[in-house]
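I open this notebook to record what I looked up in the structure below. The entries follow the order in which I consulted it.

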Amino acid sequence: MAKLPSRLHHTAYVTKDMEATRHFYEDILGLPLVATWCESDELFGKMRTYCHCFFGIGDGGALAFFQFADKEDEELFVPDIPATPFVHLALNVDAEFQAEVEQRIKQHGLKANYVLEHGYCRSVYVVDPNGMTVEFTLDDPRAAAGDAARKANAHAELKRWLAGDHTSNNNFRSEEDIAA
């Protein structure tokens, strides 16, 4: 098999308000604006003009957003993001960044939608100006010790789940946590 991708280059989303998006990701969350491409291309049978902004993350990858100059293009290419916590972007962070992002959210008059203790990680969730949920995940340092076993058992666990056995295999949570 060919070598796996080395990192996430970027994700791409669309926005109706690039300045609100820039303010949220750069000023509130602290992700620097690292590139802005203003372009026109013939795409899908029409000349389309757009701005493409990239906000850097630690591994050299980026979160990217498009904004279209033409409202017709915006209506065509800017879908509504479903209001569900199960459709989200998750970023791995260290304890210092997670604490800082929680503080920045509060300082800007926002509140974290919720904090979830998964056991193997702690997650802080906030919704961006586009309606997208962004998760900041801090892994429990003990979780890495089980990575090899989880990888070895991944297919078997999926098969078990698909067969109807929905028993939790999260050994980081207590029985009380699972029932809650």
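This is a predicted model: local features need pLDDT of at least 70, side-chain atom pairs count only at pLDDT 80 or more; totals for chains, interfaces and linings use all residues.

Entry 1, surface. I began with a nonpolar patch on the surface, formed by Leu158, Trp161 and Leu162, with about 350 Å² of accessible area together. Patches consist of residues with over 30% relative accessible area and no salt bridge, with like charges joined within 9 Å and nonpolar side chains (Val, Leu, Ile, Met, Phe, Trp, Tyr) within 5 Å. A salt bridge is a side-chain nitrogen of Lys or Arg within 4 Å of a carboxyl oxygen of Asp or Glu. Accessible areas come from the Shrake-Rupley method with a 1.4 Å probe, and for residues only the protein chains shown count as cover. I located Leu162 in helix α4 (residues 147–162); helices (H or I, at least four residues) and strands (E, at least two) are DSSP runs, numbered from the N terminus. Leu162 is exposed, with a relative accessible area of 64% (buried means under 20%, exposed over 50%, partly exposed in between; 1.4 Å probe, protein chains only).

Residues are numbered from 1 along each chain as its sequence is written, and side-chain values use heavy atoms, leaving out hydrogens and water.

I found Thr15 in the loop between β1 (10–14) and α1. Is Thr15 buried or exposed? Thr15 is buried, at a relative accessible area of 1%. Its side chain makes polar contacts (N or O atoms within 3.5 Å, one able to donate a hydrogen and the other to accept it; residues adjacent in sequence count only if both atoms are side-chain atoms) with the side chains of Thr21, at 2.8 Å, and Asn130, at 2.6 Å.

I then examined α1 (residues 18–28), where Met18, Thr21, Arg22, Phe24, Tyr25 and Ile28 are buried. At its start, a side-chain oxygen of Asp17 comes within 3.3 Å of the backbone nitrogen of Glu19. Gly30, with a positive phi near 85°, follows α1.

I asked which members of the largest nonpolar core touch the most others. Of its 20 residues, these are Tyr25, Leu29, Leu31, Leu63, Phe65 and Phe136. The largest share, 4 residues, comes from α1. Such a core is a set of buried Ala, Val, Leu, Ile, Met, Phe, Trp, Tyr and Cys residues joined through side-chain atoms within 4.5 Å.
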